Amino acid sequence: MQQSRVALCSEVLDEFDFARQCALAAKLGYDGLEVAPFTLSDSPHLLPSPRIAELRRMAHDAGIVVSGLHRLLIQPQGLSLTDPNKSVRIRTINFMRRLVSLCAELGGEYLVHGSPAQRHLPEGGTTDARAWALEAFWMAADAAASAGLRYCLEPLSRNETNFISTIAEAAEVIETIDRPGLYIMLDASAATRVEADPPAVLARRWLPSGLIGHVHLKDTGRQGPGQGDTPISPILRALADCGYAHWIGIEPFDYVPDGPTSAAPAIG
């Protein structure tokens with residue numbers, strides 16, 4: 001059976017150029033680099049194919065791969081799934097579909113859709129806004145399925161967004177859309193902030209459904225795994241017991257003492 005591989009989220013090493021990010025991640029023992037598109041360009045959807053091929057070669061030459069993409073809608077500014085302005089929504093959908101193509105060209109397997117501000121439902125008119133967001137996810141799922149990729153919805157705490165905060169809510173969205181290519185991302189930190197059960201219990205409950213397409217590990221305090229109080233071993237044991245074989249992403253937000261130094265104990 002295929003085993004999980006571990007990727008480092010690229011913005012942890014954003015002080016370095018892409019080639020050095022790949023080399024350092026590989027040296028620390030990571031199998032892949034999970035790329036935040038805004039670290040590649042302010043307009044990542046406009047990257048030409050020769051540049052994308054060059055980035056893929058850099059990873060290969062370092063002995064790792066690009067595992068996938070995350071933090072999708074940071075740049076360019078002004079993107080939104082729920083904006084009343086239809087032209088904004090169309091631009092956002094086109095951007096999402098282009099990122100699917102970018103991921104495929106880089107050799108990635110999945111995209112993680114967090115971007116809480118860009119999916120927030122405005123006060124009043126939430127029915128229309130929710131329908132617009134579902135339409136965008138339908139289009140992204142269709143593109144991902146055609147490319148053989150997983151487009152993963154990331155539940156985030158209610159302090160960050162009022163749309164899709166639990167795994168159950170993400171599963172409801174997927175059931176409503178009813179389209180191949182759409183999955184859920186289990187984030188250990190976000191889960192501990194909003195779910196009634198700990199991440200290991202959630203993993204055992206939801207992995208048999210086949211809906212979990214990716215996992216992020218970090219401490220509840222948003223440091224790297226192992227740098228805080230969140231137990232990591234029970235999560236890893238649950239993933240192994242349930243036969244999880246997709247990527248595990250390491251995504252600290254609070255770099256202690258800095259990005260490269262936090263990345264080292266995280267893989268350990």
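A cavity is a set of grid points where a 1.4 Å probe fits but cannot get out. In the predicted model examined here, two cavities of 30 Å³ or more are present.

The largest cavity has a volume of about 50 Å³. Its lining is formed by Pro155, Ser165, Ile167, Met185, Leu186, Asp187, Ala190, Ala191, Val194 and Glu195. Strand E6 (182-187) and helix H6 (188-194) are the elements that give two or more residues to this lining. By residue class, the lining of the largest cavity comprises seven nonpolar, one polar and two charged residues.

Leu156, Glu160, Asp187, Ser189, Ala190, Arg193, Lys218 and Arg222 line the second largest cavity. Helix H6 provides the largest share of this lining, with three residues. Here the lining divides into two nonpolar, one polar and five charged residues.

Helix H1 (residues 18-28) packs with helix H2 (residues 49-62) at an angle of about 30 degrees, and their axes lie 8 Å apart. Because angles under 35 degrees count as roughly parallel, H1 is described as roughly parallel to H2. The crossing of these two helices is right-handed. On the side of H1, the contact involves Phe18, Ala19, Cys22, Ala23 and Ala26, which meet Leu55, Met58, Ala59 and Ala62 of H2. The contact of H1 with H2 consists of nine nonpolar residues, with no polar and no charged ones.

Note on methods
Residues are numbered from 1 along each chain as its sequence is written. This is a predicted model: local features need pLDDT of at least 70, side-chain atom pairs count only at pLDDT 80 or more; totals for chains, interfaces and linings use all residues. Side-chain values use heavy atoms; hydrogens and water are left out. Axes are lines fitted to C-alpha atoms, for helices over the stretch in contact, and angles run from 0 to 180 degrees between N-to-C directions. Helices (H or I, at least four residues) and strands (E, at least two) are DSSP runs, numbered from the N terminus. Angles under 35 degrees count as roughly parallel, over 145 as roughly antiparallel, 65 to 115 as roughly perpendicular and the rest as oblique. A crossing is left-handed if the near helix is turned anticlockwise from the far one by less than a right angle, and right-handed if clockwise. Contact means heavy atoms within 4.5 Å. Ala, Val, Leu, Ile, Met, Phe, Trp, Tyr, Cys and Pro count as nonpolar, Asp, Glu, Lys and Arg as charged, and the others, Gly among them, as polar. On a 1 Å grid over the protein atoms alone, a cavity is a set of points where a 1.4 Å probe fits but cannot get out, and a pocket is an open set with protein on both sides within 12 Å along at least five of seven lines; lining residues have an atom within 4 Å of a point. Grid points are joined across faces, edges and corners, and a volume is the space filled by probe spheres set on the points.
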